[in-house]
Amino acid sequence: MDRLKQRELLHLLEEDSRMSAEQIGKMIGEPTEVVEQTIAALEAEKVIVKYPALVNWERVDDHPYVNAMIDVKVTPKRDVGFDEVAERICRFPEVKAVYLMSGASYDLSIILEGKTMKEVATFVSQKLSTLDSVVSTATHFILKRYKHDGIELEDRDEDHRMVVTP
């Protein structure tokens, strides 16, 4: 499959990972077998890493977790830069994402999930801040998600006011 159709396939899967190879084949003009082989190759190459579901946890009554974004200032190490400390941070099960940032007053941005605010605070004070390269942290608790991965999580209320014209 050529690169252009491969990119189309990836966009389709990113939009709806439950789409069948047959449906994708029809949309991009390729046989189902070619689509299946391409998907298998992309999975083997770790281009396709996972097929996640986007869950709006705020609508689940007993969801016991809080999420935080943590800005981390790091002193990079010779020959490895930020990679060594980022890889260490990635190993903590509470950490959901780690990003190297540019143009900010911090170097790494971490998304963290904990059962309580105190659990997040304990993680920051006892596990994260004690790492050799970590200079400082700033923790921001996520109060509400409005949009995630391009998907709006809340239904917009339609404006039900009557239009008044002279």
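This is a predicted model: local features need pLDDT of at least 70, side-chain atom pairs count only at pLDDT 80 or more; totals for chains, interfaces and linings use all residues.
Colleague: Why are helices α1 and α3 called roughly perpendicular to each other?

Modeller: Helix α1 (residues 3-15) and helix α3 (residues 32-44) pack at an angle of about 80°. Angles of 65 to 115 degrees count as roughly perpendicular, so α1 and α3 are given that term. Their axes are 11 Å apart.

Colleague: Which residues make the contact between α1 and α3?

Modeller: From α1 come Gln 6, Leu 9, Leu 10 and Leu 13, and from α3 come Val 35, Thr 38, Ile 39 and Leu 42. By class, 6 of the contact residues are nonpolar, 2 are polar and none is charged.

Colleague: What makes strand β3 largely enclosed by the rest of the structure?

Modeller: Buried means under 20% relative accessible area. In β3 (residues 108-114), 6 of the 7 residues are buried, so the strand is described as largely enclosed.

Colleague: How many bridges join β2 to β3?

Modeller: Strand β2 (residues 95-100) is joined to β3 by 5 bridges, and the two run antiparallel. Here, Ala 97 has Ile 111 of β3 as its bridge partner.

Colleague: Leu 100 is in strand β2. Why does Leu 100 count as exposed?

Modeller: Exposed means over 50% relative accessible area. Leu 100 has 55% relative accessibility, so it counts as exposed.

Colleague: Which residues does Leu 100 touch, not counting residues up to four places away in sequence?

Modeller: With those sequence neighbours left out, Leu 100 touches Phe 82, Asp 107 and Leu 108. As for Asp 83, its C-alpha lies 9.0 Å from that of Leu 100, and the two are 17 residues apart in sequence.

Colleague: Why are the buried residues of helix α4 said to line one face of the helix?

Modeller: In α4 (residues 83-90), Val 85, Ala 86 and Ile 89 are buried. Viewed down the helix axis, the buried residues fall within an arc of 100°, so they line one face. In general, an α-helix has 3.6 residues a turn, so residues three or four places apart point the same way.

Colleague: Which elements do the buried residues of α4 pack against?

Modeller: They pack against strands β1, β2 and β3, helix α5 (117-128) and strand β4 (134-142).

Note on methods: Residues are numbered from 1 along each chain as its sequence is written. Side-chain values use heavy atoms; hydrogens and water are left out. Axes are lines fitted to C-alpha atoms, for helices over the stretch in contact, and angles run from 0 to 180 degrees between N-to-C directions. Helices (H or I, at least four residues) and strands (E, at least two) are DSSP runs, numbered from the N terminus. Angles under 35 degrees count as roughly parallel, over 145 as roughly antiparallel, 65 to 115 as roughly perpendicular and the rest as oblique. Contact means heavy atoms within 4.5 Å. Ala, Val, Leu, Ile, Met, Phe, Trp, Tyr, Cys and Pro count as nonpolar, Asp, Glu, Lys and Arg as charged, and the others, Gly among them, as polar. Buried means under 20% relative accessible area, exposed over 50%, partly exposed in between (1.4 Å probe, protein chains only). Two strands pair if DSSP finds at least two bridges between them. The arc is that of the directions from the helix axis to the C-beta atoms.
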